Number of protein chains: 4
Amino acid sequence: MRGKIILEEAWNLPRLSWDAVNFASPEGAKIMEKAMPDIVGRIKEMDETGIELQVLSFTSPGPQISDKAAEGEALAREANDWVAEQCKNHPGRFANFAAICMINPQEAAKEARRCVEQHNFVGIILNDYQNVCNEEAPEWAETGPDPNGKMLYYDHPSYDVLWETLQELEVSVYLHPRLHHGEFYKKRPWLAASAHGFKTQLASHILAMCTSGIFDRFPKLQMMFGHMGEGITADLWRLDHKLDRKRFPTMPMSNKKLMRDYFANNIHITTSGHYSTRMMQACISELGADRIQFAIDYPYEPKLSNGATWMDTCPISESDRLKIARTNAIKLLKLDRAPFNLKLDATMEELNVGGLQGHVFGIGQY
Amino acid sequence: MRGKIILEEAWNLPRLSWDAVNFASPEGAKIMEKAMPDIVGRIKEMDETGIELQVLSFTSPGPQISDKAAEGEALAREANDWVAEQCKNHPGRFANFAAICMINPQEAAKEARRCVEQHNFVGIILNDYQNVCNEEAPEWAETGPDPNGKMLYYDHPSYDVLWETLQELEVSVYLHPRLHHGEFYKKRPWLAASAHGFKTQLASHILAMCTSGIFDRFPKLQMMFGHMGEGITADLWRLDHKLDRKRFPTMPMSNKKLMRDYFANNIHITTSGHYSTRMMQACISELGADRIQFAIDYPYEPKLSNGATWMDTCPISESDRLKIARTNAIKLLKLDRAPFNLKLDATMEELNVGGLQGHVFGIGQY
Amino acid sequence: MRGKIILEEAWNLPRLSWDAVNFASPEGAKIMEKAMPDIVGRIKEMDETGIELQVLSFTSPGPQISDKAAEGEALAREANDWVAEQCKNHPGRFANFAAICMINPQEAAKEARRCVEQHNFVGIILNDYQNVCNEEAPEWAETGPDPNGKMLYYDHPSYDVLWETLQELEVSVYLHPRLHHGEFYKKRPWLAASAHGFKTQLASHILAMCTSGIFDRFPKLQMMFGHMGEGITADLWRLDHKLDRKRFPTMPMSNKKLMRDYFANNIHITTSGHYSTRMMQACISELGADRIQFAIDYPYEPKLSNGATWMDTCPISESDRLKIARTNAIKLLKLDRAPFNLKLDATMEELNVGGLQGHVFGIGQY
Amino acid sequence: MRGKIILEEAWNLPRLSWDAVNFASPEGAKIMEKAMPDIVGRIKEMDETGIELQVLSFTSPGPQISDKAAEGEALAREANDWVAEQCKNHPGRFANFAAICMINPQEAAKEARRCVEQHNFVGIILNDYQNVCNEEAPEWAETGPDPNGKMLYYDHPSYDVLWETLQELEVSVYLHPRLHHGEFYKKRPWLAASAHGFKTQLASHILAMCTSGIFDRFPKLQMMFGHMGEGITADLWRLDHKLDRKRFPTMPMSNKKLMRDYFANNIHITTSGHYSTRMMQACISELGADRIQFAIDYPYEPKLSNGATWMDTCPISESDRLKIARTNAIKLLKLDRAPFNLKLDATMEELNVGGLQGHVFGIGQY
C-alpha cells in the first residue's frame with residue numbers, strides 16, 4: 001500500500017548523547033543511535049515501504065525529565081525549532097508533535113500554541129509524568145521513583161489551560177511512555193521497559209487523566225496513545241464495571257459516562273511496536289476502525305519494513321486498512337491542509353490497495 | 001438506541017390477495033397478511049423500538065412476476081404511487097425503494113427516474129429474476145422454473161440504461177430474493193425459501209451481475225442486499241481465488257479487480273432476518289463497518305423488537321453501532337436532505353447510545 | 001509445522017482419461033492430469049511442506065456418475081483396490097476414503113465394510129448426488145440436470161443401511177461436490193464450479209440430509225465436508241431461525257434440535273481450497289476448533305506449499321493450530337491405530353510449533 | 001446451562017472481622033460481609049443458576065499478609081481445615097484451593113501436600129506477594145509498599161520445592177491479586193483495586209514468575225489466574241517481541257521459548273469479574289478454548305446470576321461453552337474423581353446446552 005502514515009516516530013537532537021542500550025541489544029543500540037538524529041535520511045526507507053508521511057516526536061523522556069521549568073522549556077523550544085527546520089523542505093513527508101515541559105502549565109500552553117501557529121505542528125507529545133525539583137514543585141506534586149524531586153501527573157486541574165488551548169487549536173495530545181526504575185524492575189530489567197513496565201505506568205497515568213473528568217470539561221479534546229492501547233482496550237469492560245459510582249463518590253468523571261464513551265469520542269490508539277493481527281482485530285471490534293491508527297515506533301523498531309509489511313497484509317478489510325494506515329490520521333491531524341496537502345479521498349487504486357495484481361492466495365492476507 | 005433506520009421492510013397493496021402461508025405458520029400468516037398493507041400503523045411500534053425511519057419495498061415478487069411488460073409496468077406505477085401517497089405526511093419516518101418491471105430496460109429506467117424525481121424515492125428494489133412471456137422475451141432470455149415463459153437476469157448489457165440512470169440519480173439498487181419452485185424444494189419445502197433457497201438463487205444472480213463488469217462500467221453504482229450478504233461475504237476469499245482469469249478468459253469483469261474490491265466500493269449488505277452476532281462481527285471484519293446496514297425484514301420478521309433489541313445490545317463497538325444502525329443509511333440514501341431531514345451528526349447522547357444509565361454489566365452487551 | 005494431516009486430496013485411475021480443463025487453465029490442466037494418478041510421488045512434496053499424512057479420495061464424480069449399479073460398483077471396487085495397493089507400503093503417509101456407488105444401498109454398505117475391514121479405509125467419500133438410469137431408478141429418484149436418467153439424494157431412508165454400517169464401523173462420510181451443468185452456468189462458466197456452483201449444490205444436499213433426521217437415527221454418525229463448510233457455517237443462525245417447526249410440521253428432523261446441535265456433535269468441516277484467515281477465525285468462533293480440519297484439495301490446488309504455509313502461519317492459537325492441522329484428524333479417523341500409528345500426543349516441540357526459533361515478529365503470524 | 005463450575009470464589013473465616021468497604025459501596029459491603037463466611041448457604045443460588053460446583057479460596061490477602069511464618073502457617077492451616085469441614089458433606093458441590101503462607105517454602109510445600117492428601121484440595125491459591133517481617137526476611141526479599149517489612153515474590157528459586165510438590169501432586173496454583181497502597185492510588189482510590197491496580201501488580205508478578213524459567217524447570221506445573229488474563233493475554237505478541245534475548249542475556253527463561261508457549265502448556269485464565277463477550281472471543285482466538293475457564297469472583301461479584309447468565313448466553317460455540325463452563329475445569333482439577341465424581345462426558349442434552357427449547361432468536365445468543 002502506498003500513502004501510509006505513521007505517527008509515533010522518534011528523533012533526538014544531534015548534540016545530545018543518548019544511551020540506547022536501555023532499549024536495544026548492543027548491536028541494535030548503535031543502529032538506533034545513528035538513526036535518531038537523522039530526519040531527512042528517513043525518506044528513502046519511507047519510499048521503499050509505501051510510507052508517505054511520518055509524524056515526528058522528540059524522543060522520550062524529552063522535557064519531561066527536566067526538573068526545572070526554565071531548563072525544560074528551553075529544551076522543548078530548541079527541539080521544536082530544530083525539527084521544524086529539518087522538515088521545512090519536506091512538508092508532504094513529515095509532521096510534528098511538539099515537545100512540552102509540563103512544570104508550568106501556562107508556559108506549556110504557550111509553547112503548544114507557538115508550535116502550532118508558527119510551525120504547523122499537529123499536536124503535542126507528553127512522555128508520561130513530568131519531573132520537577134522540590135523547589136519548583138507545586139503542593140500537589142507526588143513522590144515518585146526519583147528521590148531528589150517530585151513528579152507531576154496531568155490529571156490535576158492546573159493543566160486545564162493546556163487542554164483548553166489544544167481544544168481551541170484543534171490539535172491532539174499523544175501520551176507516550178517513559179522508563180522508570182522501581183526496585184522490582186531493577187531485579188528484572190527485561191520487564192522494565194517495552195515488554196511490560198511502559199504500559200503499566202502509562203496506562204495508570206492515562207486512566208488518572210480520563211477519570212479526572214478532563215473529557216467532560218473539554219469534550220472535543222483528542223488524546224492518542226500507542227502500543228495497541230497500552231493494555232487499556234482489552235480491559236474496558238472490567239474498567240467500566242468496576243468504576244462503580246456508588247463506591248467511589250469522589251471520582252471526578254461524569255457519573256453519566258463510561259470510559260468506553262471517551263474511547264468513542266476522545267481517544268485514539270496506535271499500533272506502534274505492536275504488530276499483532278489478533279489484537280488489531282480485537283481493537284477494531286472493541287473500538288471501531290475509525291479510532292485506530294498505524295504507527296511504527298521507529299527507530300525503537302529499527303526497520304520500517306516489518307511494520308509496513310504487516311500493515312499492508314494483515315487480514316482486515318481493505319476499507320479498514322485505508323482508514324488505519326492513512327485516512328484516520330489525515331482527518332484527525334488535518335493533513336489535507338497546507339503545508340501537508342495529503343489527498344483525503346485517494347482511491348484504492350491510487351494507494352495500490354486491493355486489486356488482482358500480485359495477489360498470492362494462500363499467504364494469509366485475508 | 002434511538003434514531004435507528006431499517007431498510008428491507010415490505011408492504012403490499014390492499015387490493016392484492018396474498019398467501020402468506022408460504023412464509024409463515026398458519027397463525028403467523030394471519031398477522032403478516034394484516035401487517036402488509038398497513039403503513040402508517042407501523043409508526044407506533046417504530047416509536048417503541050427506537051426506529052426513526054424505515055425504507056419500504058413493495059413485497060416480493062412484485063413486478064418481477066408479471067410476464068408482460070405493460071402489466072408489470074402498470075403494477076409498478078400503481079405500487080409506487082400508492083406507497084408515496086401513504087408516506088407523504090410522514091417524511092421523517094418512511095422512505096421508499098421503487099418497484100420496477102425489468103422486461104423493458106428503457107421503461108425500467110424511466111420509472112426509476114420518475115419515482116426519484118417525483119416522489120423522492122431513494123433507490124429501486126428488484127426481486128431476483130424477471131418473468132417474461134415467450135412473446136415478449138428477448139433472444140437472451142433464459143429458461144427458468146416456469147415452463148410457460150422465460151426469465152431475465154440483470155447481468156445482460158441491455159440493462160446498462162438503467163444502471164446509468166441510477167448512477168446519474170445517485171440512488172441505489174436493492175437485490176431481494178423471490179421464491180422459486182424447483183423439484184428439489186418441492187420435496188423439501190422447509191429448505192425452499194428463507195432457510196436456504198432464497199440465498200442460493202439470489203447469490204447466483206448477484207454474482208452474475210458482479211462478474212458481468214457492471215461496476216467496471218458504472219463505478220459509482222451502489223448495490224445492496226440483505227440477510228448478512230446472502231452467503232457471499234463468507235466466501236469472498238474462495239470466490240476471488242477461483243475466478244481465475246487464465247481459466248476464464250471470457251469472464252467480462254475487469255481482470256484487474258477482485259470481487260472484494262466491489263464489496264469495498266459498490267456493495268452494501270444488510271442484517272435483514274439474520275440477527276447473528278458472530279456473523280455481524282465476521283462481516284465487520286471482512287467488509288468494514290461502513291458497508292453494513294441494519295434491516296429487520298418486517299413483517300416476515302413479525303416483531304420489530306427482536307431485531308431492534310439485538311441491534312441495541314449486540315457486542316460491537318458503539319462507533320460501529322451508530323454507523324450500522326443509522327449513519328451509513330443516512331449517507332448512502334441521503335436521508336439528511338429534504339424531505340427526510342434526518343440528523344447526520346447526532347451525538348451518542350442524543351441517540352441514547354453508550355453512557356452509564358441503565359447499564360447492566362453481565363448481560364453480554366460488550 | 002511438522003506432522004500435518006490433509007484430508008480432501010484427490011487421485012484418479014491411470015486408465016481413465018480425464019479432462020482437467022473444467023478445473024484449471026490449459027496450462028494448469030496438464031499439471032493436474034499428471035498429478036492425479038501419482039500417489040507415491042506425492043511424498044516428496046509432503047516432506048517439504050511438513051505434511052505427514054494425506055487422506056486420499058477417488059476424484060469426483062467417481063462412481064456417482066455411473067448410472068448403472070453394476071458398473072458403478074465395479075468402478076468403486078477397482079478404485080478402492082488400486083489405491084489400497086498404491087498405499088500399502090506407506091502406511092504412515094496415506095489413508096483412504098472409499099469410493100461407493102449409491103444406486104444400491106445394500107451394496108454400498110457392503111463395499112464400505114469391505115474397504116474398512118480389508119484395507120483399513122477410514123471412511124467413505126460421496127461426490128454429491130448419484131446418477132441412475134431410468135431402468136434402475138427407484139420410485140423416489142428425482143429429475144436432475146441429466147435428461148436421460150434420474151438422480152438420487154442421500155436423504156432418503158433407503159440409505160439407513162449404509163449409515164448404520166458406518167456408525168457400527170466408526171468411520172466417517174465425506175461429502176464432496178460434483179460439477180453440474182444447468183443453463184445458468186453454461187452462460188457463466190466461471191461461476192459453475194469451485195467459485196460458486198459447487199457449494200450451492202452440495203450445501204442443498206447436505207441440508208437435505210441433516211433435516212431428514214439422519215443424525216437423530218444415527219447419533220454417532222460423523223459427516224465431513226470441505227471448503228470451510230460449503231457456505232453453511234456462515235448461515236447457521238438464519239438456518240435455525242427459519243426452520244420454524246410450526247411452519248414446517250412435516251420436516252423429519254427432531255423438533256428438539258437445532259442444526260447447530262448437529263454441527264456440534266456430528267459434523268466436521270475442512271479448509272480445502274479455502275485458505276481464508278478470517279473465515280478460519282469465524283469458523284473457530286462459530287463451531288469450536290475441535291470441528292475444523294486442515295485439507296488442501298490437491299491437485300485442484302496444485303501446490304501443497306500454499307495451503308501448508310497458510311496453515312503454519314495463520315493467526316490462530318497454537319493450541320488450535322495443532323488440533324486443526326493434526327490432532328482432530330487423528331482422533332476422528334483413529335490414525336493412532338495400526339497401520340497408521342501416528343502419535344496422538346506429539347508435543348509442540350516435536351511438531352515444531354511455537355518457540356522462538358525462526359520467529360519473525362511483524363510478519364503477521366499472530 | 002446446567003453443570004457449570006466456577007473457580008475463583010472467596011470465603012472468609014467467621015471469626016475474622018473484614019472490612020468490605022474497600023471492595024464495595026457501603027450497601028454492597030454489608031451483603032458481602034454476610035456472604036463471605038457462609039459456605040453451605042451458597043448451594044441455593046448455585047442451584048438456581050445452574051452451577052454444579054464452586055472451587056473455594058480463602059479470601060485475599062489470606063496468609064500473604066502475615067509477616068511471620070508461624071502466624072501465617074497457623075492461619076493457613078486453620079482456614080484450610082475450617083473450609084474442608086464446611087464442605088465435607090457436599091463433595092459434589094465444592095472443591096478447594098489451599099491457602100498457603102509463603103515465608104518458608106518447605107512449610108508451604110508441606111501444607112500444600114497435607115491439604116491435597118488429607119482434604120482432596122485441588123490446588124493452592126496465592127494472593128500476590130507475601131509480606132515478611134524484617135527478622136524473617138531472606139536476603140533476597142524486596143522493599144515493598146509496607147515500610148515495616150519486606151515482600152517476597154515467587155520467582156525466586158527458593159520456591160522450587162513448592163512447585164516440585166505441586167507438579168508431583170498434579171494440582172494447580174491460582175494467582176490472585178491483593179490490594180496495595182501506593183501513593184498514586186491513595187489519591188485515586190477508584191483505580192487502586194479491581195478497576196486497574198490489581199491487574200497491574202499481579203501481572204508484573206506473574207510475568208516475573210514466567211520469565212524466571214519456572215515452567216522450564218517444572219514443565220507440567222499448571223498456573224491459573226483470573227479476570228480474563230490480568231491484562232497479559234492482550235499483550236502476548238508485544239511481550240514476546242520485546243523479551244529480546246540478545247538484549248536481555250540474563251533473563252532466566254529458556255531462550256528457545258516464547259511466553260506464548262507457556263500460555264499453551266502451563267497457563268489457564270478465568271473469567272472472574274470480567275464478563276466481556278468480546279474479550280472472551282479474543283481470548284479464545286489467542287489462547288484456544290481449552291485454556292479458559294469460567295469463574296464468577298463471588299461475593300465480590302455479589303450475584304451468581306449475572307455471570308451465569310452471561311456464560312449461558314454469550315455468543316461462543318456450544319462446544320467452547322461446554323469446555324469453558326465445565327469440562328476444562330473437570331480435566332484440569334480432576335473433578336471426575338472421588339469425592340467429586342463429576343461427569344466428564346455429560347452430553348449437551350444433559351447439560352441443557354443447545355436444542356430448540358426456549359430458544360429466542362434475536363436476543364443475541366449467537
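A residue is called buried at under 20% relative accessible area, exposed at over 50% and partly exposed in between, with a 1.4 Å probe and protein chains only. The structure is a predicted model, in which local features need pLDDT of at least 70, side-chain atom pairs count only at pLDDT 80 or more, and totals for chains, interfaces and linings use all residues. Residues are numbered from 1 along each chain as its sequence is written, chains are lettered from A and ligands numbered from 1 in the order in which they are written, and side-chain values use heavy atoms, with hydrogens and water left out.

Aromatic pairs were assigned to rings of Phe, Tyr and Trp (its six-membered ring) with centres within 6.5 Å; planes under 30 degrees apart count as stacked, over 60 as edge-to-face and the rest as tilted. Over all chains, 60 such pairs are counted. The pair of A:F97 and A:Y174 is tilted, because the ring centres are 5.6 Å apart and the planes stand at 45°. This pair links distant parts of chain A, with A:F97 in strand β3 (residues 94–99) and A:Y174 in strand β8 (residues 172–176), 77 residues apart. Helices (H or I, at least four residues) and strands (E, at least two) are DSSP runs, numbered from the N terminus. Both A:F97 and A:Y174 are buried. A:F184 and A:Y185 form an edge-to-face pair, at 5.2 Å centre to centre and 85° between the planes. A:F184 has a relative accessible area of 12% and is therefore buried; A:Y185, at 8%, is buried as well.

Ring pairs also link A:Y129, A:Y153, D:F184 and D:Y185 into a cluster. The ring of A:Y129 has the charged end of A:R178 over it, 4.0 Å from the ring centre. For this assignment, NZ of Lys or CZ of Arg must be within 6 Å of the ring centre and within 35 degrees of the ring normal. In chain B, the charged end of B:R178 sits over the ring of B:Y129, 4.0 Å from its centre.

In chain C, A99 lies in strand β3 (residues 94–99). C:A99 counts as buried because its relative accessibility is 2%. Leaving aside residues up to four places away in sequence, C:A99 touches C:F58, C:P63, C:A76, C:N80, C:E111 and C:I125, contact being heavy atoms within 4.5 Å.

Chain D contains an open sheet of three strands in the order β5-β7-β6, with antiparallel pairing. Strands β5 (130–133) and β6 (142–143) each have a single partner strand, so one side of each is left without a neighbour in the sheet. Two strands pair if DSSP finds at least two bridges between them, and β6(D) is joined to β7 (residues 149–152) of chain D by two bridges in the antiparallel sense. D:T143 stands opposite D:K150 in β7(D).

Between chain A and chain D, 61 residues of chain A are in contact with 61 residues of chain D. The two chains bury about 5,300 Å² between them, 51% of it on carbon and sulfur atoms. Buried area is the accessible area (1.4 Å probe) that two parts lose on being put together, summed over both. A:W190, A:R238 and A:R247 supply 15% of the area that chain A buries against chain D, more than any other three residues. Chains A and D share 12 salt bridges, each a side-chain nitrogen of Lys or Arg within 4 Å of a carboxyl oxygen of Asp or Glu.
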